[in-house]
Amino acid sequence: ASVSKKIVINGHDLKFVAEYESYLKKLGHEVRRDHWGWGDPLNLDRSKALSDWGDIIFSEWGLANAVWYSENISEDKRHIIRIHLQEINQRARKFPPQINLQYVSKIVFIAEHVRNTAIEMFDWPIEKTMTISNFVDVDKFSMSKSEEASRTMAIVGIVPQRKRLDRAIDLLIALRKTDKTWRLIVKGNLPHDYAFMHAPGRSKELEYYDTQYERIRTNGLEDSVLFEGYTPSLPYWYRKVGYIISSSDFESFHYSIAEGVSSGSIPLIWKWEGSEDLYPKDWSREGTEDIVRFINEIKDVSISDESENRAFIEENYGMMKILNQLHVETTGVNLDG
C-alpha cells in the first residue's frame with residue numbers, strides 16, 4: 001500500500017485541480033487547501049502553518065503562491081508547481097523568475113508549447129520541467145444530442161479578446177447566407193462581468209466587444225446569437241451543441257474542445273500554436289472560409305466519427321490516466337510497482 005502523505009494544495013483558483021484533490025484523498029492522503037489571492041497571500045499565518053505541516057506542496061499556478069512556497073519551505077519537502085498558460089502572459093510574467101528553483105522538485109506544464117516558451121522565457125533547466133496534460137472526465141459528457149444540435153455552434157468563454165468572438169460571428173454570418181437556422185451560443189461571463197476588464201488599460205478591449213455586439217445587431221442576429229451566462233457544470237448543456245468553437249489566437253489546452261468532443265460535438269479550431277500537437281491535425285483549420293467549407297461537406301452526413309474523436313480524448317486525456325501521472329509526479333511514488 002502507498003504511504004499516506006500530507007499534501008498542501010495552494011493557489012488562487014483551484015477549479016482545475018478539484019478532481020485530483022478527491023483522487024488524492026481516495027488514495028488515503030491527507031489534503032489541505034491554502035487559498036491565495038492572485039498576487040498576494042490571503043492568510044499568511046495559515047500558509048506558514050501549512051508549509052510546516054505538509055510533506056508535499058502542490059502549487060496550482062506559478063504565481064505569487066508558488067513564489068512564496070519556494071522561499072518558505074525546508075529542503076526535505078517535495079514541491080510541485082503546475083503551470084497553465086497565464087504565467088507566460090504579460091500580466092503574470094513577473095512571478096516565475098522569482099521562484100526559487102532550489103525548492104522546487106518539478107514544474108509540471110499542461111501543454112508542451114507552453115513548456116517550451118517558459119523554458120526559453122525564464123531560462124529554466126529543462127530537467128526541472130515536464131508536461132502532463134489536463135484531464136477530462138469523458139464519461140460525464142457522453143449523452144445523446146438534442147434535435148437543435150445539428151445547427152448549433154457554441155463558444156465557451158469570450159474573455160479576454162484573444163478568444164476572438166469576432167471569428168465566431170464571422171462564421172455564423174457566413175453559414176446563415178445559405179441556411180437561416182444556424183445559431184451561436186455564447187457561454188460564460190461577459191467582459192463587463194469581470195472587475196479586471198474595467199481597468200483603464202482595458203478600455204480598447206471593451207470597445208472591441210461593443211463592436212461585436214453592434215455587428216450582431218446590424219446583421220440582424222439578435223435571435224440567433226444566444227448569450228447564456230456562466231454555469232459551473234456543462235455536461236447536460238452540451239447536449240444542444242453540435243459544433244464547439246475554438247477561435248482563439250492562442251490557448252494552452254482549451255478545455256471546451258476536449259469536453260465538447262467528449263460530448264460528441266464536432267470541433268472547429270482556428271489553428272493556434274500547439275493545437276495540432278494536442279489534437280488531431282484535421283481538427284484545426286486555416287481560417288473561417290476553410291471552416292465553412294468543412295461544415296458544408298459534413299452537413300448532410302450523419303456525424304460518424306464523433307466516437308473516434310471521443311476515443312482520442314479518452315486515450316490521451318482520460319481522467320484516470322492523467323490523475324495517476326500527476327500522482328506519480330506529486331509523490332514520487334509509482335502505484336504500479
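Visitor: Where does D13 lie?
Guide: The model is predicted: local features need pLDDT of at least 70, side-chain atom pairs count only at pLDDT 80 or more, and totals for chains, interfaces and linings use all residues. Residues are numbered from 1 along each chain as its sequence is written, and side-chain values use heavy atoms, without hydrogens or water. Helices (H or I, at least four residues) and strands (E, at least two) are DSSP runs numbered from the N terminus. D13 sits in the loop between strand 1 (6-11) and helix 1 (18-26).

Visitor: Which side chain makes a polar contact with that of D13?
Guide: A polar contact is a pair of N or O atoms within 3.5 Å; within protein, one must be able to donate a hydrogen and the other to accept it, and residues adjacent in sequence count only if both atoms are side-chain atoms. At 2.8 Å, the partner of D13 is K15.

Visitor: Which residues does D13 contact, leaving aside neighbours within four places in sequence?
Guide: Contact means heavy atoms within 4.5 Å. With those neighbours set aside, D13 touches E60 and W61.

Visitor: Which residue of strand 8 is the bridge partner of T152?
Guide: Strand 7 (residues 152-156) and strand 8 (residues 183-187) run parallel, joined by 5 bridges. The bridge partner of T152 is R183.

Visitor: At what angle do helix 8 and helix 11 pack?
Guide: Axes are lines fitted to C-alpha atoms, for helices over the stretch in contact, and angles run from 0 to 180 degrees between N-to-C directions. The two axes are 8 Å apart. The angle is about 130 degrees.

Visitor: Which residues of helix 11 meet helix 8?
Guide: From helix 8 come A258, V261 and S262. On the helix 11 side are N309, R310 and I313.

Visitor: Is helix 11 roughly parallel or roughly antiparallel to helix 12?
Guide: The axes of helix 11 (residues 306-317) and helix 12 (residues 319-331) come within 6 Å and cross at roughly 15 degrees. Angles under 35 degrees count as roughly parallel, over 145 as roughly antiparallel, 65 to 115 as roughly perpendicular, and the rest as oblique. Therefore helix 11 is, relative to helix 12, roughly parallel.

Note on methods
Pairing = 2+ DSSP bridges.
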